[in-house]
Amino acid sequence: MRIGELAERTGVSTRSLRYYEQHGLLSARRGANGYRHYSEQDVRLVSEIRALLSVGFTLEDTRPFVHCLRSGHSTGGSCPESIEVYQRKLTQIDQEIRVLLARRAEVTAQLAESCPGCFVRGET
């Protein structure tokens, strides 16, 4: 399939597909006319990249998942390198949650000081 069809099937712009290719995550074969050609496996790769990006992974984070799929695994997250990325991302998310909870506590304290008895949303 050509780049436009891959873009349509995956919901990703042709510009993004070229960007993935530029970063070595996707590899197009070139026809005699110079057009990029992609396979069904590329649909799966782009879907994996898109799903990971949508939940906060970086483009570089997706690399082990892409390699895992290319090596024949049924899911991109089943290889040890992918699992390491999952674990690193969860640690990062946990840290972000701790920071947000600390900020929330500080704002709550400031509100309580400024407005004694004011209702704080999210508290029971």
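This passage walks through the fold of the protein, from its overall outline to a few individual residues.

The model is a predicted one, in which local features need pLDDT of at least 70 and side-chain atom pairs count only at pLDDT 80 or more, while totals for chains, interfaces and linings use all residues. Residues are numbered from 1 along each chain as its sequence is written, and side-chain values use heavy atoms, with hydrogens and water left out.

The protein holds 5 helices and 2 strands, where helices (H or I, at least four residues) and strands (E, at least two) are DSSP runs numbered from the N terminus. Read from the N terminus on, their order is α-α-β-β-α-α-α.

The overall outline comes next. Along its principal axes, the C-alpha trace spans about 75 × 30 × 20 Å. The radius of gyration of the protein is 21 Å, whereas a compact globule of 124 residues would have a value near 14 Å; the radius is taken over C-alpha atoms, and the globule rule is 2.2 Å times the number of residues to the power 0.38. Of the 124 residues, 30% are buried, a word that here means under 20% relative accessible area, with exposed meaning over 50% and partly exposed in between (1.4 Å probe, protein chains only). The accessible surface comes to about 8,200 Å², and 54% of this belongs to carbon and sulfur atoms; these areas come from the Shrake-Rupley method with a 1.4 Å probe, and for residues only the protein chains shown count as cover.

Among contacts with a separation of 6 or more, 44% are made by residues 24 or more positions apart, a contact being heavy atoms within 4.5 Å. The protein carries 17 positive and 15 negative side chains, and the centres of the two sets lie 7 Å apart. In this count Lys and Arg are positive and Asp and Glu negative, with His and the chain ends not counted; each charge is placed at NZ of Lys, CZ of Arg, CG of Asp or CD of Glu.

An α-helix has 3.6 residues a turn, so residues three or four places apart point the same way. Just after α1, G11 adopts a positive phi of about 75°.

V12 is buried, with a relative accessible area of 9%. Leaving aside residues up to four places away in sequence, V12 touches A7, L17, Y20, V46 and R50. V12 and S82 are 70 residues apart in sequence, and their C-alpha atoms are 23 Å apart in space.

Two residues of helix α3 can be viewed together. D42 has its place in α3 and is buried, with a relative accessible area of 3%. Not counting residues up to four places away in sequence, D42 touches L6, L26, S27 and R29. L52 is also found in α3, and L52 is buried at a relative accessible area of 6%. With the exclusion of residues up to four places away in sequence, L52 touches F57, T62 and F65.

F65 leads on to helix α4 (residues 63-70), where P64, F65, V66, C68 and L69 are buried. These buried residues of α4 pack against α3 and α5 (80-114). After α4 comes G72, whose phi is positive, near 105°.

T91, in helix α5, is exposed, with a relative accessible area of 51%. T91 and S27 are 64 residues apart in sequence and 31 Å apart in space, C-alpha to C-alpha. G34 lies in the loop between β1 (29-30) and β2, and counts as partly exposed at 32% relative accessibility. The C-alpha atoms of G34 and S47 are separated by 25 Å, the two residues being 13 residues apart along the chain.
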